[in-house]
Amino acid sequence: MGDVEESKKIFVQKCAQCHTVDQGSRRRTGPNLHGPFGQKTGHAPGFSYTDANKNKGTPWRGAMLMEYLKKPKKCIPGTKLIFAGIKKSSERAALVAYLRKAANE
């Protein structure tokens with residue numbers, strides 16, 4: 001899964017433009033990602049989701065996030081996320097590890 005710094009670098013390069021992970025941070029274009037594990041898709045407070053995201057209703061877990069990060073629009077057709085995905089499974093795994101650690105501290 002790589003070390004923490006490498007994982008953080010992936011987050012900064014691919015996600016930080018739209019998302020934050022620190023507890024209490026304001027959201028950006030996308031929702032704040034603090035504490036998403038176990039929460040259902042489309043339910044972060046204060047963010048306007050598409051019906052597709054709200055209706056998916058699947059809890060964010062490692063496998064679900066790996067699938068979503070690979071091809072978000074295939075995983076949740078109708079999502080408004082403008083992100084093509086991450087092809088390399090090693091990068092997705094490192095990002096999930098980073099989110100699990102950083103977003104739950």
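Modeller: The model is predicted. A search of the whole structure finds three aromatic pairs, and two of them are described here. In one of these, the ring centres of Phe47 and Tyr49 lie 4.8 Å apart, with the planes at 70°. The pair counts as edge-to-face because its angle of 70° is over the cut-off of 60 degrees. Phe47 has a relative accessible area of 16% and is therefore buried, the limit being under 20%. Tyr49, at 15%, is likewise buried.

A further edge-to-face pair is made by Trp60 and Tyr68, with 5.0 Å from centre to centre and 70° between the planes. Trp60 is buried, its relative accessible area being 13%. Its partner in the pair, Tyr68, has a value of 10% and is buried too.

An aromatic ring also takes part in a contact with a charge: the charged end of Arg100 sits over the ring of Phe37, at 4.4 Å from the ring centre. Ala97 counts as partly exposed, with a relative accessibility of 26%. Between Ala97 and Lys9 there are 88 residues of sequence separation, and their C-alpha atoms are 12 Å apart in space.

Conventions:
Residues are numbered from 1 along each chain as its sequence is written. This is a predicted model: local features need pLDDT of at least 70, side-chain atom pairs count only at pLDDT 80 or more; totals for chains, interfaces and linings use all residues. Side-chain values use heavy atoms; hydrogens and water are left out. Rings of Phe, Tyr and Trp (its six-membered ring) pair if their centres lie within 6.5 Å; planes under 30 degrees apart count as stacked, over 60 as edge-to-face and the rest as tilted. Buried means under 20% relative accessible area, exposed over 50%, partly exposed in between (1.4 Å probe, protein chains only). A charge sits over a ring if NZ of Lys or CZ of Arg is within 6 Å of the ring centre and within 35 degrees of the ring normal.
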